Structures are given as C-alpha cells and as structure tokens.
Amino acid sequence: MEALIKAAIPAPVHLPNRSATIQRPPNHLSVCCSRKNGEVNGLYSTPSHIGSENQGDEQMNEEIIQPSNLEAKGKHADIWQLFKEAQQNILYLNKQRLLVIEELEKANSEKQLLLGQIEQFQLENKAVDGRSNGTDRLSILWELLHRIDSMILTRKVNIEEASHWRRLIMDSKVSIADIFSDVLDQRDLELLEKLRHFADGSKRNGFHIVHICTEMEPLVYVGSLASYVTGLSCALQRKGHIVEVILPKYARLNLAEVQGLREIETEFYSYYNGQLHGNRIWTGIVCGIGVTLIEPIFFSSFFSREKIYGYSDDFERFAYFSRAALDYLVKAGKKPDVLHIHNWQTSIVGPLFWDIFVKQGLEGTKILLTCHDLNSQCLERPDKLALSGLEPAHLHRPDRFQDNSRASLVNLLKGGIIFSNKVVIISSMHSKGRIIRNFGYGLEPTLTTHKDKLLIAPSGFDNSTWDPFRDKRLPKNYSADDLEGKTVCKVALQQHVGLRKDASVALVGWIYQEVSDIDLKTLKTVVQSITHEGGQLILARIDKITNLDRASESFVKDLKDENVRFVDGYDEALSHLILAGSDIILCQSFEDPTLQVPMKALKYGAAPVALSPSDERSRHIVEPDHDISEYSRFMKSTFENISLNQALDEMRSNPFKWKRKMADAMDKDFSWDAETCDVHISAYAALKNL
C-alpha cells in the first residue's frame with residue numbers, strides 16, 4: 001500500500017532561485033508604489049520628511065524611486081506566478097490522493113467480496129463433500145453386498161455364511177467403507193478371505209427392506225410410484241435402514257443413472273407356466289440404493305416394449321416378474337425384514353410368499369403393500385393364477401381373490417390387501433374412514449374387514465432438490481427468515497416470460513400436466529380475477545413431451561392478455577423459478593402425488609390455492625376421524641377454504657400478515673424424510689412385533 005501511494009504522488013516541484021536576478025532594494029526604499037494619502041500598495045506608509053528646498057535631493061529621490069517601482073512590479077508578478085503554480089500542485093496532489101483512496105476502497109471491497117465467495121465456496125464444498133462421502137459409503141456398501149449376491153449365485157459361498165455376512169455388514173455399515181474400500185479391485189478369493197476375517201458384534205438397530213416394484217425414479221417413471229420408491233428409500237437409508245429395489249429390466253430404462261452396472265455371470269432360473277426359464281441378473285446403485293434388475297431371456301418381449309403398462313398381457317408380464325423376484329431372493333440367500341410390494345402389479349407376491357416361499361428361509365420376513373391407486377385393481381380369469389405356481393381353486397374365494405362384484409374373476413389388488421401384513425394407502429388429504437367409504441372403488445367390504453391393518457401416509461418431495469435456501473437454479477436463495485431473495489426471483493421470473501417487471505403486483509402460477517386438466521370456463525374466470533386488479537398469471541404445462549399439441553395451440557389462442565403467459569414443455573429450471581417467483585400457486589387438488597405442487601409451493605413460500613369450477617370452496621363436514629396426515633391437518637387449517645379472490649385480497653390488504661403466514665408454511669417439513677418416512681418406520685416396527 002505504501003508503494004501504491006508513493007507511486008501516485010508526483011515528484012516535488014523545484015522553484016527557481018530568484019535571488020540571483022532580483023536585487024533587493026535598500027531598507028529605506030521598501031515602499032513599492034505610492035498612492036494618494038500616502039497609501040502604498042494598499043498599505044499605509046510613513047510620510048516623507050525630505051524638504052522641498054533641496055531640489056537636488058528631490059531629483060535624486062525620483063531617480064532612485066523609478067527603478068524601485070519596476071523591481072517591485074516584477075517581484076509581485078513572480079510571487080503571483082509562484083502562488084498559482086503551488087496551488088495547481090496542491091490541487092493535483094489532492095486529486096491523486098482521492099484517486100488512491102478510491103482505488104484502495106475498491107480493492108478492499110473486492111477483497112471482502114472475494115473472501116465471502118471463498119467462504120461460501122468452502123461451505124458448499126463441505127456440504128457436497130459430506131453428501132458425496134455419504135453416497136460413496138453407500139456405494140461401497142452396495143458393491144460389497146452385490147459381490148456377496150454374485151458369489152452365492154455362482155456357488156462360491158453357501159447361503160448361511162452369506163446371510164451372516166450380510167447381517168454383520170448391515171449392522172456395521174458406518175465402518176464398512178473404511179474396511180472394504182478396495183472391494184472393486186479384489187478378486188473373489190481375496191474378498192472371501194477378508195469377509196471371513198471380518199467380525200463385528202454391533203447390535204442391530206435398523207430394518208432391511210426389499211422393494212419389489214415396477215417403477216423407480218430416475219430409471220423409469222410413469223406415475224407417483226417412481227418418486228415414492230426413490231424418495232422413501234433414500235429417507236430410510238438416511239435414518240440407518242438398508243433398502244434395496246428389484247425391478248424388471250425394461251428396454252427403456254435410463255441406465256445412465258445406474259452406478260457400477262454389472263451383469264452377474266451365472267444362470268438364474270425362475271418358475272413360470274410349469275417350467276423353469278432363464279434370466280439375466282444385473283446389479284447397480286441408484287441414488288445410493290442397491291438395485292437388482294431381472295431380464296427374462298425366453299420371455300424377453302415382456303419388458304422390451306415402448307410402454308410400461310397398458311398391454312393385454314400385463315398380468316402375465318408382472319406375474320412372471322413377481323415370481324422371478326422371489327426366486328432370486330431365495331437363491332441369493334437374502335432374508336429381509338420386510339418385502340415391500342406396490343399396487344396390483346406385484347400384489348401376487350403376497351400369496352406366493354405365504355403359499356410357497358415362507359418356508360424357504362424367509363420365516364422372519366413380513367409383507368407390506370402400498371396402494372397408490374385403489375381404482376387400478378386388475379381383474380383376471382382365476383386359471384391365470386396357476387402361471388406363477390398358485391392354486392386357483394384355493395384362492396378363488398370371497399375371502400381371498402374373488403372380486404366383490406364380478407364373482408367369476410379374481411381381483412389382484414384385493415388379494416394383495418388380504419395377503420399382506422400391513423397396507424399403506426398413500427393419501428395426503430383423506431382420512432382412513434373417508435377412503436373406505438368413498439374411495440374404495442368396489443373394495444369397501446375388503447377395506448372394512450381389514451381396516452385394522454390399514455395405514456394412511458401422505459406423499460412427499462425431495463427437499464435436497466426442492467429447497468429455496470439451497471436451490472442452485474434460483475438467481476438468489478432465500479428462507480423463511482430472509483425473504484429478500486423471493487422478490488429477486490419474482491422479478492427474474494417476470495423478465496424471463498416477458499411480463500412487466502414489478503415486484504408489487506400479485507403473480508400467480510399454475511402448474512399442470514395436461515391441457516385437458518383445465519376447464520376453459522374456469523380459466524377465464526381465473527384470468528379475470530387476477531388481471532382485474534393488475535395481477536399476472538403464468539401457466540406452465542410441466543410435461544416431458546416437449547411438442548406443442550393441437551389442444552395446447554388452441555389453448556394459447558384463448559389466452560391473449562398482456563398479463564398472462566403460457567409456457568409449454570418440460571423445463572426443470574423454470575419449474576423452480578415459477579415456484580420461487582409466484583405469490584400464489586393454483587392447484588387442481590391438494591392431493592397431488594405425482595407433481596407434488598402444493599407441498600413444493602409451501603416450501604417456496606407460495607400459497608397453494610385449490611380450484612373448483614366456480615372458484616368457491618366447498619365446506620366440508622368435520623368428521624370425528626383423526627386418522628389423517630399432518631399435512632392434511634395443516635392444509636385444512638390454513639389454505640383449504642381460501643378461494644383465489646380471498647387470497648388476492650388478503651395479500652393486498654394485509655401484506656405483513658400474508659408474509660408471516662407464508663414464512664410459517666415454509667418452516668413446515670412435508671418432505672419424504674418427515675411424516676411419510678415416520679409412518680413407514682412405524683409400520684415396519686409393527687411388522688417385526690407380529
């Protein structure tokens with residue numbers, strides 16, 4: 001800094017030495033210029049005492065004064081010039097000093113900014129390293145477990161010894177990453193030796209859960225099941241449980257999301273239609289979860305199709321997979337605490353387990369069924385049950401698989417409910433009683449009979465991705481304690497879609513999947529309500545089908561308003577920005593297990609408002625039924641009975657109350673890690689006590 005200041009100061013100015021050229025007059029001629037009344041150069045001088053009688057002296061005085069006046073004028077000019085030069089130098093020095101100070105302040109500001117960025121970067125790296133470290137540990141854990149599976153299938157180790165290893169590994173998973181960090185580089189014999197020397201007496205405190213399912217995000221997804229399987233599994237593993245997933249190896253799987261994908265080079269056969277059929281077994285890791293993929297060889301066409309569901313042989317396809325999954329578990333020597341099955345597609349696992357597999361080393365295992373859609377049940381001829389090894393005559397009965405309405409058929413979902421130890425119905429808003437009475441779709445008698453084993457769990461969302469405090473897709477992060485960033489996001493959203501930038505106007509977002517989900521009459525009413533007071537509306541069709549279809553084109557033509565914008569096609573970053581920038585998010589329903597828009601809206605500080613065709617809230621009769629989710633209780637006490645117009649009025653008339661209300665909503669946790677996970681852990685614990 002000293003060098004910087006010295007460099008900015010100019011060299012000293014050397015003034016000329018005028019003593020050699022200007023002669024100083026005698027002391028008695030110090031008066032430079034006479035003026036009237038004896039004033040000299042504006043000053044008074046002493047009067048002269050020289051007499052007038054001596055003319056010679058006067059002449060001499062005149063001769064002496066004349067050159068003295070000239071010298072005085074020259075001296076005055078020189079002094080004035082020196083003064084101006086000194087003044088200019090002083091001004092120049094001051095200017096340079098100010099520039100130096102300004103540069104110093106700028107440098108200091110940049111330094112502080114850089115230090116802040118470095119600190120933030122270090123914090124983010126620390127968080128990422130922490131997550132990566134956790135993921136790496138899970139990856140090593142699953143690599144080790146998959147190697148054990150492979151050694152069992154290739155008969156390099158017996159089932160009893162492998163089961164013992166699995167239990168020790170799962171009990172000691174915190175230290176496994178350090179002990180077996182080089183598992184990928186070791187041959188089977190080396191790994192066997194290390195496993196046999198491995199011992200840990202830690203007490204078991206977690207569950208081993210195996211999902212047998214047909215969807216898993218991000219590998220393959222159609223509905224809400226995919227995000228549920230991944231979200232719940234990750235949440236359970238974060239709480240110390242071991243979860244693995246068995247899926248069909250669809251041709252359309254996103255295998256790029258699978259870490260360490262490998263085929264187990266062994267013959268694996270499963271039963272179907274009276275014969276044993278070969279399968280390929282693939283293992284890998286997805287989001288830290290161990291995944292096993294079953295690929296039929298002879299029936300390769302079962303899962304090599306464009307769609308996941310919707311074929312006339314769906315029963316055959318998923319019956320084959322369900323039986324193959326159980327055959328694999330037994331051959332691999334796995335002994336999970338819970339087999340977690342889902343919807344009708346894997347409901348046949350229940351009777352297969354109890355009739356065939358429970359005595360093959362799975363005596364300690366229990367069955368939990370999750371129902372995401374009670375309206376999808378699968379009715380089939382009873383004789384088809386024999387394809388997977390079941391006895392149709394034994395199961396085609398009213399208290400088992402026989403459909404409640406069409407007695408000649410079997411109902412797969414009904415059988416799954418009956419043959420499971422616990423049944424979890426995914427419903428964010430409805431109570432158990434209301435589901436049994438109003439949403440059973442013909443299963444009401446079955447649900448009533450088995451109501452004691454029914455549990456209600458809400459959906460959830462991934463709070464590691466959907467959190468405004470950590471969301472990297474936002475221009476500025478914010479939280480319930482500091483909402484400044486939400487205003488920044490609002491202006492950024494307006495600019496992105498071409499709306500007038502004004503943080504004071506009400507901005508409403510509407511996220512949906514299909515144009516058919518929206519009634520045009522309702523839309524026009526909504527647009528009028530919003531724009532009448534100068535508000536703005538953004539409609540976003542969040543769908544991974546990016547092409548604008550005819551319905552969407554017609555839809556856009558009816559939205560010609562300067563305060564309305566329509567966004568068509570999937571855009572992940574824009575989805576985050578809409579939630580962050582909107583004051584209100586319109587929802588088709590608060591029961592939204594697929595997009596989870598209402599829950600995400602709460603997290604991002606946007607009020608979720610559900611719409612009916614008339615934009616009026618129907619008043620529900622309060623029932624003495626406390627078996628509802630915490631999410632449902634919160635919504636019923638806050639947003640369920642608020643119309644769009646009421647929300648807009650409250651936002652304008654009482655902004656302080658509105659912000660406090662939204663901050664309170666942001667503090668709620670409705671992610672997979674919260675109530676959803678807790679309900680399932682309670683269910684697993686209850687199963688162990690049966």
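The legends below describe several close-up views of one predicted model. Local features are taken where pLDDT is at least 70, side-chain atom pairs count only at pLDDT 80 or more, and totals for chains, interfaces and linings use all residues. Residues are numbered from 1 along each chain as its sequence is written, and side-chain values use heavy atoms, with hydrogens and water left out.

**View 1. The chain as a whole.** The chain contains 21 helices and 18 strands, where helices (H or I, at least four residues) and strands (E, at least two) are DSSP runs numbered from the N terminus. Of its 690 residues, 49% are buried, a word that stands for under 20% relative accessible area, with exposed meaning over 50% and partly exposed in between (1.4 Å probe, protein chains only). Among contacts (heavy atoms within 4.5 Å) between residues at least 6 apart in sequence, 73% join residues at least 24 apart.

**View 2. The aromatic pair of F318 and W344.** Rings of Phe, Tyr and Trp (its six-membered ring) pair if their centres lie within 6.5 Å, and planes under 30 degrees apart count as stacked, over 60 as edge-to-face and the rest as tilted. The structure holds 22 such aromatic pairs. In one of them, the ring centres of F318 and W344 are 6.1 Å apart and the planes stand at 85°, so this pair is edge-to-face. Because F318 belongs to helix α7 (residues 314–331) while W344 lies in the loop between β8 (338–342) and α8 (349–357), the pair ties together parts that are 26 residues apart in sequence. F318 is buried, with a relative accessible area of 0%, and W344 is buried too, with a value of 9%. Both residues also belong to one aromatic cluster, whose members include Y250, Y272, F298 and Y320.

**View 3. The aromatic pair of Y631 and F670.** This pair is also edge-to-face, with 5.2 Å from centre to centre and 80° between the planes. Y631 lies in helix α18 (residues 630–638) and F670 in the loop between α20 (655–666) and α21 (672–688), so that distant parts of the chain, 39 residues apart, are linked. Both Y631 and F670 are buried.

**View 4. Helices α6 and α21.** Two packed helices are described by the angle between their axes and the distance between the axes. The axes of α6 (residues 224–238) and α21 come within 9 Å and cross at roughly 80°; axes here are lines fitted to C-alpha atoms, for helices over the stretch in contact, and angles run from 0 to 180 degrees between N-to-C directions. The two helices are therefore roughly perpendicular, the term for 65 to 115 degrees, whereas angles under 35 count as roughly parallel, over 145 as roughly antiparallel and the rest as oblique. Residues making the contact include Y228 and L232 of α6 and W672 and Y684 of α21.

**View 5. The surroundings of N563.** N563 lies in the loop between α15 (550–557) and β16 (564–568), and is buried, with a relative accessible area of 11%. Leaving aside neighbours within four places in sequence, N563 is in contact with L499, T531, G535, Q536 and L537. The C-alpha atoms of N563 and G498, which are 65 residues apart along the chain, are separated by 9.3 Å.

**View 6. The covered helix α16.** Helix α16 (residues 572–581) is mostly covered, with 8 of its 10 residues buried, among them L574, H576 and I578. The elements that cover these buried residues include α13 (484–497), β14 (507–512) and α17 (597–603).
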